[in-house]
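User: Could you walk me through this one with me? I'd like to start with a loop and then jump around a bit.

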Amino acid sequence: MKVFILNLFNYNYHIYNSMHTLFQRMSVITILWCLLIVDVCHASPINIKTSSENQSTSSLIYNNFNKPLEYGSQSFNASNGGGNSRRFVSGNAARPTFGIRNDSMPQMLVSATLSTPKQLRNKPRDRPLKCHCDICKDSNNICETDGYCFTSVQKEASGNTIFSYRCLHLSQTFPPGRFVWCNDGRHGGSGSTTRPVDSYAHECCKNFDFCNLKLSPIIRSVEKDYLPEETINTWVLVAIIFGATLLACLLVFVSWCFYQKRKQGTSRARPFAPEDSVYDPILNGGNTLQDIIELTTSGSGSAGLPLLVQRSIARQIQLCHVIGKGRFGEVWRGRWRGENVAVKIFSSREECSWFREAEIYQTVMLRHENILGFIAADNKDNGTWTQLWLVTDYHENGSLFDYLTSHTVDTKTMLSMALSIATGLAHLHMDIVGTRGKPAIAHRDLKSKNILVKSNLTCAIADLGLAVRHVEKNDSVDIPSTHRVGTKRYMAPEVLDESMNAQHFDSYKRADVYAFGLILWEIARRCNIGMIYDEYQMPYYDVVQPDPSIEEMKKIVCIDKMRPNIPNRWHASDVLHSMAKVMKECWYANPVARLTALRIKKTLSNIRVEEKVKN
């Protein structure tokens with residue numbers, strides 16, 4: 001049996017190595033586990049020791065039900081003579097074995113036959129019957145008789161069970177042929193051949209030598225104290241474990257299939273609703289995103305694409321890889337019908353920022369070449385969490401911060417970048433009067449990381465999540481209900497010392513101009529003139545730590561009135577000298593003295609014209 005199980009175990013192990021799916025491997029593991037249990041269950045030891053005087057042993061033998069009984073401590077206290085019986089005391093019906101060779105005991109134990117009153121007939125024997133005797137120390141615990149071997153059991157008041165093993169001669173039997181003393185306790189107290197068995201019982205045999213070692217008389221009132229407990233069959237145990245394991249594997253497999261189905265249902269490359277796109281001629285006419293925007297927005301006068309078109313586009317986008325991360329969430333590069341798009345995914349905690357940015361982007365007449373192109377907004381709830389998507393144009397050069405970190409610029413590119421940013425900012429700040437007019441908007445978080453570099457090296461302003469709008473009707477400010485604040489390094493002095501009038505919209509525009517002056521300084525440092533340029537650094541890099549606190553910035557900007565350093569080499573170049581002059585007029589401590597975005601746009605445009613004339 002052991003060799004068979006081992007071979008089957010090895011065969012299933014090789015099958016396991018060839019399995020690839022989760023369900024296949026779990027099934028093989030179940031079979032291997034059951035084989036291991038069968039192997040352990042068949043390894044039942046039989047340890048029968050020859051006992052001697054004044055010793056304690058622990059052994060395992062079989063009763064007449066062919067079930068093992070584990071003995072407790074067995075005490076042997078023999079005495080000479082026949083008057084005193086040898087007592088074997090055990091709370092669990094311990095059975096002594098001694099005076100018998102170990103190699104012959106197993107055969108004897110499994111071949112025993114129980115006696116019944118009908119079997120106890122007085123038949124002549126050709127030789128005396130040998131019995132086990134617990135008081136016959138001189139004869140090696142063996143007695144001979146012409147009658148029976150018997151075993152008796154008695155329950156003491158203390159609760160101990162006492163077994164006695166002796167010989168019974170025919171002259172001691174009464175009445176002949178109906179020997180009522182040999183009652184095994186299994187037939188109650190009824191019938192003429194029985195006697196009450198409330199505290200002791202006897203059982204006799206004469207089938208073979210030492211047959212009384214196999215007898216198990218039962219005391220009805222104490223049967224539960226020393227009868228062996230019924231145990232579960234090995235194969236029943238295997239079947240239970242196999243069934244339970246198989247059920248667990250099935251549950252895991254069903255759960256995994258359900259999860260995969262849910263995952264496919266909320267895949268990033270999701271099918272779109274028929275009513276949104278299949279029957280929409282705009283989306284199914286082979287149009288590009290730019291074509292769709294032009295068809296649906298009629299230039300810059302619309303508030304953006306229709307909501308159903310936005311949802312259809314968003315649900316057809318396949319995400320490729322992450323291109324940026326921030327406190328709001330992640331930015332992914334995605335694909336829509338072969339075109340690259342940028343997908344800004346907000347966490348559910350940033351729902352206010354997502355809603356505000358989508359709302360600002362869809363402001364009437366906001367669309368501009370120097371403001372990041374908005375495509376769609378969609379909220380996607382898969383039952384577990386909600387993803388908030390903002391789909392915009394994709395610019396492979398990344399942010400201005402990323403570009404300046406790895407590239408230098410010539411004077412032409414410097415002016416082109418600066419002028420495009422100023423143009424976009426002027427468009428934001430400008431209000432367009434009319435029935436479908438555009439309100440004035442202030443960015444509030446202008447910095448190099450929130451400006452994207454387009455393929456022609458002009459720039460587009462992005463991240464309008466903190467933007468505020470001017471309400472012309474009552475001259476108030478529409479401030480977003482978000483916990484976010486601007487970037488401390490780019491905060492204007494009046495923001496740092498909290499002296500700004502938050503109810504006056506022009507205050508926000510002037511704070512944007514201060515931040516724009518710092519961005520001009522970042523671009524100018526990377527201007528390569530005659531192979532001379534400075535490494536990229538952020539404003540105030542030399543006086544504050546990488547992530548400064550508001551108190552640090554307040555001390556540097558408001559109290560010490562420091563501004564970024566202007567290198568001496570800039571004064572040797574007309575264009576850099578002109579750029580430095582514009583910067584200084586942007587970061588005045590007095591907000592009213594700063595240039596407006598429109599004035600900066602005109603000034604930079606004039607500088608570019610002068611540079612073209614010189615070249």
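User: Where is Leu-457 found?

Analyst: Leu-457 is found in the loop between strand 17 and strand 18 (459-461), where helices (H or I, at least four residues) and strands (E, at least two) are DSSP runs numbered from the N terminus. This is a predicted model, in which local features need pLDDT of at least 70 and side-chain atom pairs count only at pLDDT 80 or more, while totals for chains, interfaces and linings use all residues. Residues are numbered from 1 along each chain as its sequence is written, and side-chain values use heavy atoms, with hydrogens and water left out.

User: What about the phi of Leu-457?

Analyst: Phi of Leu-457 is near 70°, a positive value in a residue other than glycine. Most residues other than glycine have a negative phi. Leu-457 is partly exposed, with a relative accessible area of 23%; buried means under 20% relative accessible area, exposed over 50% and partly exposed in between, with a 1.4 Å probe and protein chains only.

User: And which value does phi take at Asp-463?

Analyst: Phi of Asp-463 is near 60°, again a positive value in a residue other than glycine. Asp-463 sits in the loop between strand 18 and strand 19 (468-471), and at 9% relative accessibility it counts as buried.

User: OK, changing topic. Where does UniProt place the "binding site" feature?

Analyst: The UniProt record, an unreviewed entry, places the feature "binding site" at Lys-344; UniProt positions are given in the numbering used here, feature names are shortened, and annotations may be inferred rather than shown by experiment. In the model, Lys-344 is in strand 13 (residues 339-346), and with 11% relative accessibility Lys-344 counts as buried.

User: Which residues is Lys-344 in contact with, leaving aside neighbours within four places in sequence?

Analyst: With those neighbours left aside, Lys-344 is in contact with Phe-328, Glu-330, Val-331, Glu-357, Leu-388, Trp-389, Leu-390 and Asp-463, where contact means heavy atoms within 4.5 Å.

User: Is Val-391 buried or exposed?

Analyst: Val-391, which lies in strand 15 (residues 386-393), counts as buried at 0% relative accessibility. Not counting residues up to four places away in sequence, Val-391 touches Ile-317, Val-341, Ala-342, Val-343, Phe-374, Ile-375 and Ala-376. For Val-341, which is 50 residues from Val-391 along the chain, the C-alpha atoms of the two are separated by 6.8 Å.

User: Now helices. At what angle do helix 11 and helix 13 pack?

Analyst: Helix 11 (residues 411-429) and helix 13 (residues 505-525) pack at an angle of about 170°, with their axes 10 Å apart; axes are lines fitted to C-alpha atoms, for helices over the stretch in contact, and angles run from 0 to 180 degrees between N-to-C directions. That makes helix 11 roughly antiparallel to helix 13, given that angles under 35 degrees count as roughly parallel, over 145 as roughly antiparallel, 65 to 115 as roughly perpendicular and the rest as oblique. The residues making the contact include Met-414, Ile-421 and Leu-425 of helix 11 and Phe-516, Ile-519 and Ile-523 of helix 13.

User: Last one: where is Glu-494 found?

Analyst: Glu-494 is found in helix 12 (residues 493-496) and is buried, with a relative accessible area of 5%. Among the residues in contact with Glu-494 are Ser-507, Arg-510 and Arg-594, and Glu-494 and Ser-507 are 8.9 Å apart in space, C-alpha to C-alpha.
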